[in-house]
Amino acid sequence: MTTKTQKLASVSMIATLISIGLAGCSDGTDAAATERPAASSSPAVYTPPADAMADPDAWPQIAPLPLDPQVEARIDDIMAMMTVEQKVGQTIQADSGSVTPEDVRNYRLGSVLSGGNSAPGPRAYADAQTWLDAADAYFNASIDPDGVEIAIPIIWGIDAVHGHANLRGAVVFPHNIGLGAMNNPDLIEDIYRVTARELSVSGHDWTFAPTLAVPRDDRWGRTYEGFSEDPAIVAAYGERIVWGLQGRPGTDEFMGEGRVISSAKHFLADGGTLDGRDQGDAQISEAELRDIHAAGYYTAIPAGVLTVMASFSSWNDARMHGNESLLEDVLRDRMGFTGFVVGDWNGHGLIPGCVSTDCPESFNAGVDMFMAPDSWRELYHNTLAQVRSGEISMERLDQAVRRILRVKIEAGLFEQVAPSERPLANSDTVLAAPEHRAIARQAVRESLVLLKNVDQTLPLDPSLTVLVVGAGADHIGKAAGGWTLSWQGGEFPNEEFPAGDSILAGIQAAVDTAGGQVIYDPDGQSDIDADVVIAVYGENPYAEFQGDRDHLDFVSPDYDTSLLEQYQARDIPVVSVFLSGRPLWTNPEINDSDAFIAAWLPGTEGGGVADLIFRTDDDYDFTGRLSFSWPSLASGEPLNVGDADYDPLFTYGYGLSYADADPGTPLSEESGLSTDDLAEGGSYYARGQVTDPWALQIANGQDWEAIEDRMASSDRVTLGAMDRVAQEDSLRIIWSSAGNLVSIRGTDAIDLSRETNGSMELTFRARGVNSQPAQVEIGMACDTGPDCVHYVPVDIRQGPWSEYRISLSCFADAGVDMSRLDTPFLIRARDETGEIGIGDVTLGSDIDATRTCGNE
């Protein structure tokens, strides 16, 4: 792929840093370089393609932080007492959902992590005491001296990427995309200092943050984890986040009370993959890799970051987990990193020739600790055998263990007591402390970007009668996004955020104080008279590849935004608060709004939104500015400041303040997408229509008959239209005998194996019409023959519309070949007669980390 010429001023800044040297290792005694082991006689090596071999001389040379001779001597003493089995154990990290304290003791594992859905207990998240009970069990198992000459404490890691969002009651900050818009390095350090303190409440030692990705294609599902498309903002934040989490090296605060180990991630170019595909391939030049995607590491490494996480992604078709030229020659020899490299969730298994349980090539390339959540046991045995056979040299094993021990010593783990006995453990004066919430609320205010404000619609007089519409208003989980209570985020009630306020609660507080009135109508279907409408709507939560998109056209999942035009027609001003993890094509919604706020994913302090909507005694104003360019078309091709054909709707750095004039010029509502483009890969039936390229079929005896018009019937089935949110947006199904009813089928099979492994679900909306629940079966089928089909029983409830979810793994485990799926949705009746409505058939995220197989 030919990359666009980059003309960023920030790139020039990075180039200047390279030329002058963020620091040079003048005497050639780079401590990281001197550790390089001698080559093994028969090492297992992965060789990347030639254009994926970095030239270290082209990269900045950064002086490593000096190693402490006392620490190095202590490492020597410890390693002299360790068995080879212990050393291998130190290189393995297991997930708490797949490892017991006894396993940690028996295998002498180096680390335990809790993935986004792996909290102790029945849920994906837990309270502080539950976390501490588990932390104590793992820690005490790791330091049990029985059977070893020396016991090594574990590190317990977790993804606290916008606050400690798997801890019930913690502060959840805006996601990074909003924090980039605030562009405030001082505040970003405070945010991560608070995060570290709240991690200490639950006994965690390590967070997999900061994310230093520079997202260059907003279709990427992790765009919201990046601060900006501009490497300058990422570089400005890198060191300050590390200092917030760890403290400044060389001071008493470094890894002191309330500090945790940080991990710069994901090395490297996860934000530069082709078409924005997660775990994809960055087909870019080495100069772009260096000048754009490595920018945050040039500040985070000198700031003392103790760990770096390798990326799932590839560079020019070479997996980062196996690229020694980057992990060793660049990261260590040139950039001076002296901590350890941890892998990402079985990422080593993606290297050609490797599997999750067997990959010496990744270890030899420079991954010091395997993240092997559920593969750890076999990986341990295989790695031990490979050390003994010489596929992994003893020198390389000792090098990795030295790096891991260095971090553990610098973090003070050898002197730590059990997590529950540490100073901040389970402290109700630390968790969601007033100072913490105030910092989060300030971050919300500074992250909001005002994109439209016709005739100074904002700020509003809080004494007005305010109609609030949209599901996002009273839904903290929607406002917080993915990586909140669970991996993908989801439909958690507000009660699960005891230290948070919804956006509606913030609006209510502001209006009540001024003597106004708030009317909340989430569907916005009423004709209530009001002085102003505040509409809060946007994307539903997602994370990782489940959020990848083919284009950037916004279609509201839970509020009919066409209603906004009706308010304007009644001369009621409309203020839109748009919740999203990336810029999206929203021209119709902007046109139908008098004021439009890009609120991103603001987290648990909804009052921060109200602070800027209403006129108050506080001297607040909109200061947030776009850190990502806003698209003028929905096609979604990369759009970054400095591109030769740069043509955004709102430029990088755009944002209004109250006093700025805005004539409200109407925007084009031509999205630039064709009908085929509008078909999301995970959407099968939406807005009353089967999504291209799928086709609707009706059962006719034992056969299936394709139909053009949903007003169709056969010997047992009659189809029609039904209203859910909008007119005729759903399918009515009436049947007169049990058996097959309706299917959605394509001419070509699709591969949903990746989505199945990612715990995605088949989701649909439905309601029964008769007096009793309608008993049906929902199925999926592949194209390999009549036996490749499976159904699960589902009882469709009567009354209002409900959402139903079935885990894709239910079908896969029953033998459906998910790599050759040609029928993603089948309905078969168990009752002799019945009537139901069906709508919005899509793939969705596993919102509660629970496998669901219908009534089973």
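Predicted model: local features only at pLDDT ≥ 70, side-chain atom pairs only at ≥ 80, totals over all residues.
Visitor: How far does helix 14 reach from its first C-alpha to its last?
Guide: Helix 14 covers residues 394–410, which makes 17 residues. At 1.5 Å a residue one expects 24 Å, and the reach in the model is close to that, at 24 Å.

Visitor: Which residue with a positive phi follows helix 14?
Guide: After helix 14 comes a residue whose phi is positive, near 75°. That residue is G412.

Visitor: Is S111 buried or exposed?
Guide: S111 lies in strand 2, which runs over residues 111–114. Among the residues that S111 touches, not counting those up to four places away in sequence, are I92, W206 and M369. A residue counts as buried when its relative accessible area is under 20%, and the value for S111 is 0%, so S111 is buried.

Visitor: Which backbone oxygen does the side chain of S111 reach?
Guide: I154 and I155 are both among the residues that S111 touches. The side chain of S111 comes to 2.7 Å from a backbone oxygen, and that oxygen belongs to I155.

Visitor: What is the radius of gyration of the chain?
Guide: The chain has 22 helices and 30 strands. For 856 residues the globule rule gives 29 Å, and the chain comes close to this, so it is as compact as a globular protein of that length, with a radius of gyration of 27 Å.

Definitions and conventions:
Residues numbered from 1 in each chain as written. Heavy atoms only, no water. Helix = DSSP H or I, 4+ residues; strand = E, 2+ residues; numbered from the N terminus. Buried < 20%, exposed > 50% of the residue type's maximum accessible area, 1.4 Å probe, protein only. Polar contact = N/O pair within 3.5 Å; in protein donor to acceptor, adjacent residues only side chain to side chain. Contact = heavy atoms within 4.5 Å. Expected span 1.5 Å × (residues − 1). Rg over C-alpha atoms; globule rule 2.2 N^0.38 Å.
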